[in-house]
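Good morning, and thank you for coming.

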Amino acid sequence: MKRYFGKVFVAAIVLVFAVSMMPGAGLAADTIKLGVAGAHSGDLASYGIPSVKAAELVVKDVNAKGGILGKKVVLLVEDDVCKPEVATSTATKLLSQGVDVVMGHICSGATKAALGIYKAENIICMAPSATNPALTQSGDYPNFYRTIASDDAQARLEVDYALDVLKAKKIAVLHDKGDYGKGLAEFAKSFIEQDPRAEVVLYEGVTPGAVDYSAVVQKIRRSKADAVIFGGYHPEASKIIMQMRKKRMKTVFISDDGVKDDTFIKVAGKYAEGVYATGPRDTSSNPLAIAAIEAHKKAYGADPGAFFLNAYAATQALLNAIEKAGSTDYDAVSKALKTEYVETPLGKIKFDNKGDATGIGFSIYQVQNGKYVELK
Amino acid sequence: MDYFLELFLGGLTRGSIYALIALGYTMVYGIIGLINFAHGEIYMIGAFTALIVISVLTLMGMNTLAILVIAGVIAVIYSSAYGYTVEKIAYKPLRNAPRLSALISAIGMSLFLQNYVLLAQTSDFLPFPCLIPDFEFMEPYAHIIGSTEIVILITTAVVMVLLTIMIKFTKIGKAMRATSQDKTMAMLVGINVNRVISVTFIVGSATAAIGGVLIASHVGMINFYVGFIAGIKAFVAAVLGGIGSIPGAVLGSFILGWTESFATGYVSSDYEDVFAFLFLVLILIFRPAGILGRSEKYKI
Amino acid sequence: MIKFNEIKRAFLVSIWFMFLTFPIMVIRVNPVERIVEWRWKNMILVGIGSFLLSFVWNYLMKRKELGVKKTEAGEETGTIPLAQRILGEKRIYIPGLVAIGVFTMVFPLIFSMYQTTIMTTALIYVMLGLGLNIVVGLAGLLDLGYVAFYAVGAYAYALLNYHFGLGFWMALPIGGVLGAIFGILLGFPVLRLRGDYLAIVTLGFGEIIRIILENWNEFSFGPSGIANIPRPSLFGIDLSVHSSIIYIYYIMIALCLFTVFVVNRLQDSRIGRAWIALREDEVACEAMGIDKAKTKLTAFSLGATWASMAGVMFAAKTTFVNPASFTIWESIMILCIVVLGGMGSIIGVIAGALVLILTPEYLRAFSEYRMLAFGTMLVVMMIFRPGGFIPNVRRVYKFEGVKSADKS
């Protein structure tokens with residue numbers, strides 16, 4: 001009797017679980033499911049949350065106009081904390097929920113991990129901020145698109161500016177040992193080495209979070225570099241620039257869009273003056289961008305954060321392609337992305353065969369009187 | 001030669017900062033044999049408190065020197081209070097438990113304090129004003145050593161001397177030494193062991209707070225995570241010198257500071273931490289209890 | 001009955017905490033914008049919260065002290081922990097095991113792909129926890145750099161596949177052997193070290209491995225990591241993502257069962273008893289004729305083998321590895337699994353891994369407070385339940401032979 005009871009008990013438990021947790025996939029085909037994945041919590045959340053808000057705004061607009069192909073667009077927002085191992089869970093979660101296209105992820109590493117899963121299921125994924133060159137250039141990810149230029153374009157611009165405009169002869173290349181910073185620094189280094197006009201006098205990685213960088217700064221001084229190119233984010237950049245200036249060094253400092261952030265100027269204060277940084281081309285005069293930022297202010301009562309416009313453009317591009325393709329079919333949407341131009345806050349864009357957006361680029365900025373000013 | 005001197009001074013400054021934090025580790029370890037993982041967080045809280053006080057006082061329009069003193073004092077008071085409370089909550093109930101339990105409890109406390117500051121304040125880096133003015137007479141040497149660095153060196157030296165005097169010559173210092181040698185015996189001769197432990201935590205936290213304020217004004221920024229990284233390094237320094245020994249912690253800190261500075265200067269900062277850890281392993285292979293540590297005789 | 005004294009004490013506690021949290025909870029500064037925000041509401045909340053918590057704390061403390069006194073007085077408390085009673089009772093134990101077995105077998109068939117993925121992640125941690133349990137729980141060697149071996153395994157598969165095109169099934173044993181070799185490599189220099197010195201050296205070892213992976217681009221492709229690692233194949237057939245996730249889940253179940261089997265056998269073997277002896281007292285253990293060096297090295301290398309195999313599994317599941325997945329927090333997480341679950345107890349470690357890995361997944365909505373809660377849980381667990389969720393029971397041998405011999 002007891003044994004019999006055990007079996008019934010087990011069966012009951014299994015049934016209850018099975019019923020209560022049945023995947024919701026494939027229930028409603030009258031909606032278009034747009035996945036939004038990225039870091040929405042943790043230390044990199046400030047890069048991921050703006051993309052969620054961008055998607056919400058675009059989708060609200062689209063749905064107000066009656067949706068796409070007569071269907072409403074629904075958002076599936078999932079957090080990946082920028083960790084590759086979490087990103088795969090996130091990707092499978094989105095697939096379980098029957099996602100049609102994905103806008104994300106934020107970090108390159110997480111994007112690579114997730115792409116493997118999307119690729120096998122023929123899901124198109126468009127990132128607003130993953131800048132690793134291999135994502136498009138390796139050809140491994142035909143389902144990947146992005147609305148931001150890749151790191152090598154940025155490094156190219158930095159090196160060209162240092163050589164052509166600043167006439168630097170000796171350049172020190174530093175990075176923060178991270179995926180983004182080191183990748184960028186590697187490109188900068190190889191571009192300088194290919195050019196006879198200048199040489200790399202120092203190539204080093206600094207340890208993020210170290211108590212101070214005085215030894216590295218002394219090393220820069222000894223190398224007699226005219227310019228420093230730094231790949232990485234603003235906390236390390238401001239520590240280095242502050243220590244350089246405190247040691248009365250006037251070396252030019254050039255960095256990337258991880259530094260082209262107002263927090264950098266706020267933290268480094270007067271020491272930030274004169275620092276160069278590359279960043280996405282200024283589109284604030286674009287009427288669509290102004291409208292998008294206004295909508296954000298109205299909805300959330302604050303200025304949008306990093307990569308907001310990129311995410312806005314990505315969402316628009318994806319939805320537009322679905323509309324043009326007439327379905328969420330992988331091949332049709334891919335073709336639409338590559339052939340149909342779409343008006344976005346970043347300008348009129350479409351995608352090349354590798355998945356990079358045409359018409360999106362970087363320009364160089366300088367800190368002048370406590371503000372980043374675009375140099376033309 | 002100049003370059004060598006620069007690296008030497010850079011290493012000395014870094015070592016001084018490590019020393020101010022490492023002292024707390026080593027004192028606590030000497031008394032209750034616990035790696036106080038939350039010690040780095042106490043240092044971070046000291047720096048944060050100072051920043052908050054500075055911001056409030058600056059808005060009230062006080063002059064810089066007064067702000068510096070008040071912020072320093074309040075940071076020390078609060079850090080000590082946190083150190084005291086952390087001990088009472090997370091370590092005292094575990095006094096007789098296995099060491100691993102106390103260690104996990106300390107890790108938990110460290111996580112808690114980090115996230116407490118993260119949630120109550122912010123995850124962003126905040127700029128920390130440089131309170132120490134540039135000394136004019138130092139201007140010709142500014143490229144070698146700044147005034148903040150000099151203040152750090154002097155403060156560390158003063159703290160060391162005061163601490164040594166306290167431990168060598170005062171009554172409570174004597175009680176601390178007795179407790180660290182044998183807790184039961186100390187109790188038998190009438191020492192209030194609980195009080196001694198509390199005092200140790202308070203003193204250790206106070207030196208960490210001084211370190212926190214100085215280093216924050218040296219690098220000019222803080223966030224909730226600075227304590228963890230500095231804490232790990234200071235802990236390495238304490239072990240290197242022989243954990244439990246106060247001169248050992250100071251020596252270990254300087255050696256670690258120099259190792260990192262010279263490794264970066266002459267080799268590469270890519271492997272800065274690798275050098276630091278390899279050096280630690282080497283020392284421990286030949287002296288398993290650290291440079292100045294007493295190697296205990298174990299009896300059955 | 002709440003006495004006046006207790007109220008007074010709670011009141012003082014709440015005053016103290018209001019003082020303590022004043023600058024951080026009440027004032028929020030923004031030095032850049034020069035804004036100071038005063039949040040007095042928080043102070044009241046802290047006051048009330050600590051007032052109430054103080055009672056709970058006191059009550060729990062009293063109960064704890066009572067328990068300690070009882071054991072000191074030699075009184076049998078008479079309550080064998082619930083978990084143990086269940087395990088002891090065959091009639092509950094066997095159907096329970098069957099139920100769990102059936103449940104795990106049908107799990108991926110009834111639940112979604114996402115549920116299967118996170119369950120696989122949890123199973124990887126079960127394996128890591130069981131491996132670390134050998135080092136920390138059985139041999140008593142505090143290892144804070146366990147993640148290094150996990151990284152060795154993950155990179156072993158990634159690199160072997162990249163350069164030589166080796167498949168998962170080849171990489172799994174190779175990864176395990178490599179892990180064992182690294183375990184011995186680490187073991188040699190630290191043979192003489194005790195307790196906390198060992199902890200810091202292993203921590204350093206973990207960091208060294210991570211930094212090398214980050215910096216040595218030619219070898220490990222640096223921080224950008226290695227992508228496109230193939231998932232395991234089934235007799236040469238490539239599976240779709242969905243089925244390969246289920247397949248990985250079953251591989252993981254098999255590996256976990258294998259781990260449990262081996263660890264269980266090891267525990268009662270000669271070497272297992274040597275580990276336990278080493279944990280209890282090194283000197284006495286040597287005096288009993290146990291080769292300390294050999295015992296420690298086997299503990300390190302066997303522990304590392306499991307971590308390394310889990311690493312291979314991790315690479316196969318994620319299809320991407322980079323050094324950022326192998327930070328010191330990962331080591332701490334695994335250590336917490338072992339200690340919270342119950343050191344030395346296999347079921348405890350499994351429970352610990354499932355709880356610590358699955359809870360955050362299901363509590364994604366509260367992700368902000370996740371780490372805060374985690375920290376609090378560690379402290380509270382250590383104080384009130386230091387043995388973990390399911391503590392290990394030590395085998396007790398009672399001498400009752402004389403009486404029964406007389407009667408017969």
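At what angle do the axes of helix α1 (residues 2-32) of chain B and helix α10 (residues 246-267) of chain B cross? They cross at roughly 145 degrees, and the axes come within 7 Å. An axis here is a line fitted to C-alpha atoms, for helices over the stretch in contact, and angles run from 0 to 180 degrees between N-to-C directions. Helices (H or I, at least four residues) and strands (E, at least two) are DSSP runs, numbered from the N terminus.

Before I continue, please note that this is a predicted model, in which local features need pLDDT of at least 70 and side-chain atom pairs count only at pLDDT 80 or more, while totals for chains, interfaces and linings use all residues. Residues are numbered from 1 along each chain as its sequence is written, and chains are lettered from A and ligands numbered from 1 in the order in which they are written.

To return to chain B, α1(B) passes α10(B) in a right-handed crossing. A crossing is right-handed if the near helix is turned clockwise from the far one by less than a right angle, and left-handed if anticlockwise. The residues of this contact comprise 14 nonpolar, 10 polar and 2 charged. Two residues are in contact if their C-beta atoms, placed from the backbone, lie within 7 Å. Ala, Val, Leu, Ile, Met, Phe, Trp, Tyr, Cys and Pro count as nonpolar, Asp, Glu, Lys and Arg as charged, and the others, Gly among them, as polar.

Let us turn to a helix pair in chain C. Helix α15 (residues 328-341) of chain C and helix α16 (residues 346-362) of chain C have axes that come within 7 Å and cross at roughly 125 degrees. α15(C) and α16(C) are therefore oblique to each other; angles under 35 degrees count as roughly parallel, over 145 as roughly antiparallel, 65 to 115 as roughly perpendicular and the rest as oblique. This crossing is right-handed. Among the residues that meet are C:C336 and C:I337 in α15(C), and C:G348 and C:V349 in α16(C). The contact of α15(C) with α16(C) has 8 nonpolar residues, 3 polar and no charged.

Next, the sheet of chain A. Its 5 strands form an open sheet with parallel pairing, in the order β2-β1-β3-β4-β5. Two strands pair if DSSP finds at least two bridges between them. The edge strands, β2 (72-79) and β5 (144-146) of chain A, each pair on one side only. On average, neighbouring strands of the sheet are turned by 25 degrees against each other, direction ignored. Strand β4 (residues 124-127) of chain A pairs with β5(A) over 3 bridges, and A:A127 stands opposite A:R146 in β5(A). Helix α2 (residues 45-64) of chain A packs on the sheet, and its direction makes about 170 degrees with that of β2(A). Helix α12 (residues 308-325) of chain A also packs on the sheet, touching β1, β2, β3 and β4 of chain A.

Finally, the chains meet one another. In chain C, 43 residues are in contact with 50 residues of chain B. The largest share of that side of chain C, 12 residues, comes from α9(C). That side divides into 32 nonpolar, 5 polar and 6 charged residues. Between chains A and C, 37 residues of chain A are in contact with 39 residues of chain C, and the chain A side has 12 nonpolar, 12 polar and 13 charged residues.
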